[in-house]
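Hi everyone, thanks for coming along. I'd like to walk you through one structure today, so please have a look at it on the screen.

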Amino acid sequence: MKLPAVSLRTRIVAAIVGVTTTATAVMAYSAYQVQADEALGRFAVSAVASSGADRQLLQEFSKVGTEGWLDRIRIGVDPDWAVVTERPGGPLEVVRTANGPIPVPDKLAMLGSVRAGLFEQRRPEQFGSAYARVPGTGRKVFVVNANLPIPGYHLVQFFDFSRFDDDLTELRWQLVRTALVVSVLGAGAALLIGRRIRRPIKALSAAADELGAGALGTRVPVAGRDEVAALAESFNAMAARLGASIDELHAKDRQQRRFVADVAHDLRTPLASMIATVDTLDHAEPATRTRAAEILGTQARRLAKLVEDLLEIARFDAGKADLRVAPVDLADLVADAAGVTGVEAAVTAAGDVTVVADPRRVHTVVANLLSNALRHGTAPVTVTLDGTGDDVGVRVADAGPGVPADLLPVLFDRFTRGDHARQASDGSGLGLAIARENVLAHGGSLTAHNDGGAVFTVRLPRGS
């Protein structure tokens, strides 16, 4: 059978009440036992001392053993008493008794029930004691036997235990009442504690519902240094990370949509040009056909370059970029890239400019930066290699107008072009994005700023 759901507050209250009640009950029982044992001990000692004093008076003033000593007994009636004689194997006989509340037959009945422990052989100065109940009333009495100098004679006194028993009963009830009061106070304290614990947890639950509903800015207040405060801090950290992740996903989604739109646009332009040119291939004029073939070749190469760049970006997105590292002298690599791109660049080097990297990818980065400097900037173009530190820097600068301020934050994003601020360009807008991915794949960095022109700085670690 499935148990009913119990709230945290109810469990906390039940636990505190249970612990409080159990502890109070144990303490009350222990206190009662200590008090009862101590009181019983005092009662027994007092009763035995009283019996000893009465036996001493009996011996001194009644001259036990002389003629008529029984008639001279003057002890009183409180406690009730009797002078008893016994014979081995014979019955007990009361030879003298006080005119007390316990009749002789009841006294004999009680003495008979405790005879073995009360009258066992012991020295005359010792005492025997036992508890018994009056047959007629059921009252509990404490019986004390004091041996007399005459063999077979005993002074037996009956101490009423009912009043003492009533006192113990009252003590028990007082402890029960105290335990109940403590339990009620514990329940009240438990309710307050449960409310204080439940309040922040309820706030956390509400915040979780709001966060699940899309309120990514939801946070809970953190108070104190306990586990609930730690839970609130963890919730806030989780909410912050979740919000950042969702914002990043939204940004990625926007970037992806823009990427698809840009790809479609960039594919449509050369394709439209190629389709329009195809119609002129059957023109009668040879010059027209030659021009059409040139346009088709140009657009096909542009389309192939765009597809190649898209595949490279896809490999980076999939984490499939393959680095084939080897020692590379950056001075030689920059000179070769300048020759390939046709850029006249002044190259200066300081320190050791050798790194362990993928020469093809680093060549792509440098060639892209040199091409951009030639296409969007103005001569002279300078390349500065710095190998004096822990890593190696490559600084490519031109003397053009620089990068517009609004483009600097998004310069390395995909399909970002500066055509509206610079001369017309047939680039895909993926060159700098691919260059940055190549540098990041080596554990380096690529940055841009303006300093009398556009300045691009690549920093590569020396090791792979």
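**A walk through the model**

Let's start with Val182, which is found in helix H4 (residues 162–212). A quick word on names: helices (H or I, at least four residues) and strands (E, at least two) are DSSP runs, numbered from the N terminus. Before going on, please keep in mind that this is a predicted model, where local features need pLDDT of at least 70 and side-chain atom pairs count only at pLDDT 80 or more, while totals for chains, interfaces and linings use all residues. Residues are numbered from 1 along each chain as its sequence is written, and side-chain values use heavy atoms, with hydrogens and water left out.

Back to Val182. Not counting residues up to four places away in sequence, Val182 touches Thr20 and Thr24, where contact means heavy atoms within 4.5 Å. Val17 is 165 residues from Val182 in sequence, yet the two C-alpha atoms are 9.7 Å apart in space.

Now the helix itself. The 51 residues of H4 should span 75 Å at 1.5 Å a residue, and its end C-alpha atoms are 72 Å apart, which agrees. The expected span is 1.5 Å times one less than the number of residues. Buried residues of H4 include Phe164, Leu168, Leu175, Ala179 and Ser183. Just after H4, Gly214 takes a positive phi of about 110 degrees.

Next, strand E1 (residues 80–86). How many of its residues are buried? The count is seven of seven. Asp80, Ala82, Val84 and Glu86 point one way from E1, and Trp81, Val83 and Thr85 point the other way.

E1 pairs with strand E5 (residues 153–160) in the antiparallel sense over six bridges, and Val83 stands opposite Leu155 in E5. Two strands pair if DSSP finds at least two bridges between them. E1 also pairs with strand E2 (residues 92–97), again antiparallel, over five bridges, with Glu93 in E2 as the bridge partner of Thr85.

Lys107 is buried, with a relative accessible area of 0%. Leaving aside neighbours within four places in sequence, Lys107 is in contact with Asp80, Trp81, Ala82, Thr97, Ala98, Ile102 and Phe158.

E7 and E9 (residues 381–387) run parallel, joined by seven bridges, and Gly351 stands opposite Gly387 in E9. Axes, by the way, are lines fitted to C-alpha atoms, for helices over the stretch in contact, and angles run from 0 to 180 degrees between N-to-C directions.

**Helices around H9**

To finish, the helix pairs. The axes of H8 (residues 359–376) and H9 (residues 431–441) come within 9 Å and cross at roughly 145 degrees. Among the residues making this contact are Arg361 and Thr364 of H8 and Gly431 and Leu432 of H9.

What about H6 and H9? Their axes come within 10 Å and cross at roughly 35 degrees. On the H6 side, Asp309, Glu312, Ile313 and Phe316 meet Ala433, Ile434, Glu437, Asn438 and Ala441 in H9. All four of those H6 residues, Asp309, Glu312, Ile313 and Phe316, are listed among the buried residues of H6. As for length, the 32 residues of H6 (residues 286–317) should span 46 Å at 1.5 Å a residue, and its end C-alpha atoms are 46 Å apart, which agrees. Just after H6, Gly319 takes a positive phi of about 70 degrees.

Key: Buried < 20%, exposed > 50% of the residue type's maximum accessible area, 1.4 Å probe, protein only.
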